[in-house]
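Please find below a short note for a reader who is new to protein structure.

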Amino acid sequence: MDKYESEIFDRAYQSYLMGGDLHVVNFNKKPEVNKNNAKAVQSLKEKGLIEITHESDIRVKFRLTDDGIDYGSKQY
């Protein structure tokens with residue numbers, strides 16, 4: 001995982017541990033950061049770690065899949 005994927009996944013997993021069901025990534029930063037975050041979210045989806053529930057130009061909402069939860073529990 002690259003830096004952006006790790007950051008997004010770590011936040012989502014920590015949110016899951018605290019009882020959160022959905023995680024949101026907002027695209028209201030610098031264009032380069034937005035591009036990297038969007039790429040990271042798609043990569044996590046392709047790896048089967050997350051399931052996107054809503055996607056727009058300004059945000060992406062997703063939840064961890066069972067594989068994502070397993071991956072997170074092994075990582076910590």
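This is a predicted model: local features need pLDDT of at least 70, side-chain atom pairs count only at pLDDT 80 or more; totals for chains, interfaces and linings use all residues.

Does Arg11 count as buried, partly exposed or exposed? At 44% relative accessibility, Arg11 counts as partly exposed.

1. Glu7 and Arg11. These two residues form a salt bridge, and their closest N and O atoms lie 2.4 Å apart. Both belong to helix 1, and because they are four residues apart there, about one helical turn separates them. Glu7 has a relative accessibility of 35% and so counts as partly exposed. Arg11, at 44%, also falls in the partly exposed class.

2. Glu5 and Lys47. Here too the side chains meet in a salt bridge, with an N to O distance of 2.8 Å. This pair links distant parts of the chain, for Glu5 lies in helix 1 and Lys47 in the loop between helix 2 (31-46) and strand 2 (50-55), 42 residues apart. What is the relative accessible area of Glu5? The value is 7%, and Glu5 is therefore buried, since buried means under 20%.

3. Arg63 and Asp21. The side chains of Arg63 and Asp21 meet in a salt bridge at 3.5 Å, N to O. This pair likewise links distant parts of the chain: Arg63 is in strand 3 (residues 59-64), while Asp21 is in the loop between helix 1 and strand 1 (23-26), 42 residues apart. Arg63 is partly exposed, with a relative accessible area of 27%. Asp21 has 52% relative accessibility and so counts as exposed, the cut-off for that class being over 50%.

4. Helix 1 and helix 3. How do the axes of these two helices cross? Helix 1 (residues 3-17) and helix 3 (residues 66-75) have axes that come within 10 Å and cross at roughly 95°. Helix 1 is therefore roughly perpendicular to helix 3.

5. Residues in the helix contact. On the side of helix 1, the contact is made by Phe9, Asp10, Tyr13 and Tyr16. Helix 3 contributes Gly68, Ile69, Tyr71, Gly72, Ser73 and Gln75. Sorted by class, the contact of helix 1 with helix 3 has five nonpolar, four polar and one charged residues.

Note on methods: Residues are numbered from 1 along each chain as its sequence is written. Side-chain values use heavy atoms; hydrogens and water are left out. Axes are lines fitted to C-alpha atoms, for helices over the stretch in contact, and angles run from 0 to 180 degrees between N-to-C directions. Angles under 35 degrees count as roughly parallel, over 145 as roughly antiparallel, 65 to 115 as roughly perpendicular and the rest as oblique. Contact means heavy atoms within 4.5 Å. Ala, Val, Leu, Ile, Met, Phe, Trp, Tyr, Cys and Pro count as nonpolar, Asp, Glu, Lys and Arg as charged, and the others, Gly among them, as polar. A salt bridge is a side-chain nitrogen of Lys or Arg within 4 Å of a carboxyl oxygen of Asp or Glu. Buried means under 20% relative accessible area, exposed over 50%, partly exposed in between (1.4 Å probe, protein chains only).
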